[in-house]
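This briefing covers a helix, a loop residue and a sheet. Please look over the sequence and the structure before reading on.

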Amino acid sequence: MFAYPKQFDVIVVGAGHAGCEAALAAARMGCSTLILSGNLDTIGHMSCNPAIGGLAKGHLVKEIDALGGEMGRNTDATGIQFRRLNLSKGPSVRATRVQSDRHRYRQRIKNILEETPNLTIKQALVESLLVKENKVCGVLSKIEESFLGKTVILTTGTFLGGLMHYGLKNAEGGRAGDFAAKGLSKSLKDLGFELARLKTGTVPRLDGKTIDWSGLEAQWGDDPPPLFSFSETKVELPQKPCFITYTTQKTHEIIKANLDRSPMYCGVIEGVGPRYCPSIEDKVVRFADKERHQIFLEPEGLDTNEIYVNGMSTSLPVDVQIEMVRSVPGLEKAEIMRPGYAVEYDAVPPTQLYPTLETKLVEGLFHAGQINGTSGYEEAAAQGVMAGINAALKVKGEEPLVLDRSQAYIGVMIDDLVTKGTQEPYRMFTSRAEYRLLLREDNADLRLRKIGKYLGLVTNNDWRRFEFKRKRIEELLALLNSYSLTPIPFINNKLIQLGSAAMKKPTSLAELVKRPELSLTQVLETFLEKNQWHKEGDKKLCGEALEQVEIQVKYEGYIQAQEEDIAQFKKLESIVIPHAFCFDGISGLSKEVVEKLKKIKPQNLGQAARVSGITPAAISILMVYLRKSKQESKAA
């Protein structure tokens, strides 16, 4: 066995979206960091669709960026189509989605890693963990090269015991063309970790030259393009459209006739798949009443003809895939460049983690991404940045960072995982966030930029931009609330011309903006001189400030109500449960409740209340006991 001579502060195993964010966060916080990948050519690879963001996922990307992560910047720099979703709905569910150039996305993030100080990159397939007295001290590769580290972050994606399925044929691997990590599963089991088996899938990729585009509906991005990053980024690449088509009755007949060759329906696949991203086989069976299903044909990049068939994830045999694809309008002569497949992999149920993403069994060991039972690039990257931050803080001997449910979607996701666990690949939804009106995409920087700056992840230039925007918001809010209009005919005529009702009493500009039919820009441009409200500066920042002010004013009542709910939430969260607290022997708590609390080890009473099966009565008993214990300790 060869021992690498340098000890690292943080070792990151895996270089997907979680691994990249974890390594960058730790290195940027000044920790000597090592990232290990089984294949350096696939660092930051988009294994599934060539897109970032979408409903709720876009919120995560914005939060990663606000904290100083890289995903938003990388997406902006490599995007070939930018869209804002749900614009006709309320601000809490509006989301950004970007098609990226898959090759450029991977290439750019690899270059960023290579140029980052304190970060070492090596190709190695990790087979086992090195643990001494329940504390991690490094990893061992397949060729018996050991790397020592004070902390280790596992971001294994679908590679942990990965098994790919093409019809009834299967092959070991975490992704087509890449090896599976077999020994690491055994290492985790030997350390006492419980493992679960999950499943995901991907779609066929088609040769764009063989598609008949003439009858398909083109879908272009927005102009101007909505960017992810709060930093000074811009669109650098030409923009391309996606195209929309649909499955047919013939498609559904082909699938139904071949279900006996589907590994999902023959019991070959044991893992649980993602409920909210079903395969085309699942769609046809579960939604038998639907005559067709929408298919998006998405370009993989600018320098390739490869097309991603979004909506047609499948593990059917290749001959069936060919027949199925060619039953879709526009794809009658399409050639499959890469067939779709399903992949099974091991995950470590996340109830075995603290909210910091450090494992309860092994000190210094962190898990992030699909190993925790999540699906999606964005969910993985969000966990990666938090694991990297907390590993670095642990090395430095500083207090960990835990975002709660009122602060960020990241906090909602991690709390869901470590408190409730998941029986299937977890996907982020806006409906999971009870305070979603306050956790919007547009205010992620106002919520989290200060934390990123404190950690050293936000540059001075980005902080100056943030301060300009924040000050501009304050100035505009002050102006709207202080400036009033009197109901004279001249003013009322202008209101009527804008399609609004006349005033009956003096009214502030803020009150006018609250009217549904009036926009902030209309009010400012109609009733004020430009020099009274306009300010020279970064156009993007000024636009963001205007959007923020309009939302805050129009939804002021709802926001205040949610802030009151958060105040109640914080009361339970503030009642800390000591790390070594003993739940045994508390009168009134059932054996089942005690067992669940001992397993989850909640850090506060709020988290305890969210553990599945814990009743309000149990929380009341626990609250009384904790207060009594606190009083006794003070008296002593």
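**Helix H19 and its surroundings**

H19 is followed by Lys601, whose phi is positive, near 55°. Helices (H or I, at least four residues) and strands (E, at least two) are DSSP runs, numbered from the N terminus. The model is predicted: local features need pLDDT of at least 70, side-chain atom pairs count only at pLDDT 80 or more, and totals for chains, interfaces and linings use all residues. Residues are numbered from 1 along each chain as its sequence is written, and side-chain values use heavy atoms, with hydrogens and water left out.

**Helix face**

- In helix H19 (residues 591-600), the buried residues are Val593, Val594, Leu597 and Ile600.
- Seen down the axis of H19, these buried residues fall within an arc of 140°, so they line one face of the helix. The arc is that of the directions from the helix axis to the C-beta atoms.
- Buried means under 20% relative accessible area, exposed over 50%, and partly exposed in between (1.4 Å probe, protein chains only).

**Loop residue Phe429**

- The loop between helix H10 (409-420) and helix H11 (444-455) contains Phe429.
- Phe429 counts as partly exposed because its relative accessibility is 23%.
- Phe429 and Lys57 are 372 residues apart along the chain, and their C-alpha atoms are separated by 7.5 Å.

**Four-stranded sheet**

- Four strands in the order E11-E10-E19-E12 form an open sheet with antiparallel pairing. Two strands pair if DSSP finds at least two bridges between them.
- Strand E11 (169-172) and strand E12 (196-201) are the edge strands, each pairing on one side only.
- Four bridges join strand E10 (residues 163-166) to E11, and the two run antiparallel.
- Leu163 has Glu172 in E11 as its bridge partner.
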